[in-house]
Amino acid sequence: MKKLVEIKEAFKSFNLRSGGKKLIALDNVSLSLKKGETLGIVGESGSGKSTLGKALLKLLQIDSGSIFIKGQEVSDLPNIEFRPYREKIQMVFQNPATSFNPMLTVEDVLLDSMQLVIELSKNEKRLRALKLLQDVELGSRFLSLYPHEMSGGQLQRVALARALASNPDIIFLDEPTASLDMSVRGQILTMLNNLQKNRGTTFIIVSHDLRVIRGISDRVVVMYLGQIVEESPVEVLFDRPLHPYTRALISAVDETDSDRLKGEAISAENKPGCKLLGRCQYSKAGCEEEQSLSMVTSNHQVRCWRANNIPQFSKEKLP
Amino acid sequence: MTEYFEISSRLNILQRIIFRHGSISVYSTFGILIAIILLGMLAPILPLQDPIKPNLLSKLSPPSLEHFFGTDHNGMDVFSRTIFAIRTDFTLALSSVVLGVLIGVPLGAISGYLGGWIDSTLTRISEVIQGFPQILFGMAFIAATSNSLWNVVLVVAFYNIPVYSKMVRSIVVPLKEIDYVLAAKVAGNKSPRIIFFHILPNALTPVFAQLPLSCAYAVQMIAGLSFLGLGVPIPMPEWGSMIQAGANYMVFGKWWLSIFPGLALFVSVWLLNMCSRMLQSLWERRE
């Protein structure tokens, strides 16, 4: 199948104000996406998940590497020439409270996000806006509402409708359920699943909540301090996680904490070896040497020196 | 505290100001201010004496039933001149503020959104303008051109530009990274539309709160320039020039020439300041 998106060795660092240090947000990240697939990205805050999404949407410029959308290199394009691609790739933001202009109604927002769709007349766009609201299970009365008149869950539905408005191929969802109530989370996830089934849109969904990732993704990428540390289909990852960091994340959810890490994430200095060094209970001499993602099976990659030598992951009660 | 915010967010604008400042002060401030403006607007149809008609027979006569505030050294009625001066001062102040806003606000928005060298250049220019004493600049400008109303407006407007551009810039800079602006970018909006349609309407509340304060400052400034003989041409009624003219007669005990226009100036500036403070409290509560 043809690759819809391909990211090759993307690198992005931010200058820290103190002492000329650099924070590495993306460290040679490579990944590719097929049409209709849902890719989950997991990792703690500061692991570069959102940076990856913003780079993909050209909300920020990567330092080196390349991004291909439908085979076309886009990371070097100036903003004007990237504009046609905006229609194809959309985003849902984490916090519904800040992702809507307080001065615009839902209708304004939806029409505004259809401005790249030039083949429709204004009235057709209105009809489409109504149809979009139905797709996200909201009634027509929402068209005239302002953001402050809606709840977080309703706003997140509108955010999804906004992302769907230009009929994109890819939607990047940045923690779409993180700021919602537990009861609403489930509804939103079910809706996402349905939309994907009906439309065949490719989703990239970022979350630190493994249950969300597990429920919706086909494939999962685990990120730690700007690096991809493990990548595999979702069943494989939850069944047989290889990287100690992935294991720590999974064991933290089921509260066995069998693979707990020590301390906190160390600032992303550009050292060649394993970034988990010092936090990992399995680390040994040799872990500080330069490493890369290595294939374990045909669809499972991991970045760990000791992936094959550490005890089997014991899963007792997974969520 | 949260309860306070919850209550106040459910009220309309007037109710919110009253909630914060008390109904007496709000009604009296806005009431008197509106009365003053109405008085100025209606001055030509009110039964007042001609403000620029000299009467050499009754020069420097003290306040009486015929001349409520007395007459000045040309025999013009001080009461009528004080009322007519509302028109001059408020019109000049308002037009200079509006001119400053119309230029300053878009400049600030562009400077804040685009950043980079455009932003640094505009900010440095604003700092230079604000660092230069306004009276000195006004004197130089009016000396170099001429003593006309339009030039007074230009001088005051010129100093309002950096006030508004800096204020709007400081609001736009954090707003340009907010999610809904990024969303507008993702939706394919071009920069001008993002600035003027998506960002600017959300940055205007403090501008409105600043307006009365700027008007107060402009009234003071115009009066100040006129006091130095650089503002409004004589014999047009204007508080600053009236105070200046009267100052010479103060030492002879003819206090009414300066005191009444001075009081009018003081009350207007004070009310405008109060008004601005009340509007400002609306803005503070928003986030």
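Below are legends for several close-up views of this predicted model.

Local features need pLDDT of at least 70 and side-chain atom pairs count only at pLDDT 80 or more, while totals for chains, interfaces and linings use all residues. Residues are numbered from 1 along each chain as written, chains are lettered from A and ligands numbered from 1 in the order written, and side-chain values use heavy atoms, leaving out hydrogens and water.

View 1. Chain B has 12 helices and zero strands (helices are DSSP runs of H or I with at least four residues, strands are E runs of at least two, both numbered from the N terminus). Its C-alpha trace spans about 75 × 50 × 30 Å along the principal axes. Of the 287 residues in chain B, 46% are buried (buried is under 20% relative accessible area, exposed is over 50%, partly exposed is in between, with a 1.4 Å probe and protein chains only). Take the contacts in chain B with a separation of 6 or more: 70% of them join residues 24 or more positions apart (contact is heavy atoms within 4.5 Å).

**View 2. Helices H6 and H7 of chain B, crossing.** The axes of H6(B) (residues 134-144) and H7(B) (residues 149-175) come within 10 Å and cross at roughly 145° (axes are lines fitted to C-alpha atoms, for helices over the stretch in contact, and angles run from 0 to 180 degrees between N-to-C directions). On the H6(B) side, the contact uses B:Gln134, B:Phe137, B:Gly138, B:Phe141 and B:Ile142. H7(B) brings residues including B:Asn151, B:Leu154, B:Phe158 and B:Tyr159. Sorted by class, that makes nine nonpolar, three polar and no charged residues (Ala, Val, Leu, Ile, Met, Phe, Trp, Tyr, Cys and Pro are nonpolar; Asp, Glu, Lys and Arg are charged; the others, Gly among them, are polar).

**View 3. Helix H8 of chain B, tucked in.** H8(B) (residues 179-186) has seven of its eight residues buried, so the rest of the structure largely encloses it. Those buried residues are B:Asp179, B:Tyr180, B:Val181, B:Leu182, B:Ala183, B:Ala184 and B:Val186. After H8(B) comes B:Gly188, with a positive phi near 100°.

View 4. Over all chains, the structure holds 12 aromatic pairs (rings of Phe, Tyr and Trp, the last by its six-membered ring, pair if their centres lie within 6.5 Å; planes under 30 degrees apart are stacked, over 60 edge-to-face and the rest tilted). A:Phe82 and A:Tyr85 are a stacked pair, 5.9 Å centre to centre with 20° between the planes. They sit three residues apart in helix H2 (residues 79-86) of chain A, which means about one helical turn separates them. Both A:Phe82 and A:Tyr85 are buried. A:Lys58 lies over the face of A:Phe82, 5.8 Å from the ring centre (a charge sits over a ring if NZ of Lys or CZ of Arg is within 6 Å of the ring centre and within 35 degrees of the ring normal). A:Arg162 does likewise with A:Phe100, at 4.4 Å from the ring centre. Over in chain B, ring pairs link B:Phe68, B:Phe69, B:Phe79, B:Trp255, B:Trp256 and B:Phe260 into a cluster.

**View 5. Helix H9 of chain A, mostly covered.** Seven of the 10 residues of H9(A) (residues 244-253) are buried, among them A:Tyr245, A:Arg247 and A:Ile250. The buried residues pack against helix H7 (210-216), strand E9 (219-224), strand E10 (227-233) and helix H8 (234-239) of chain A.
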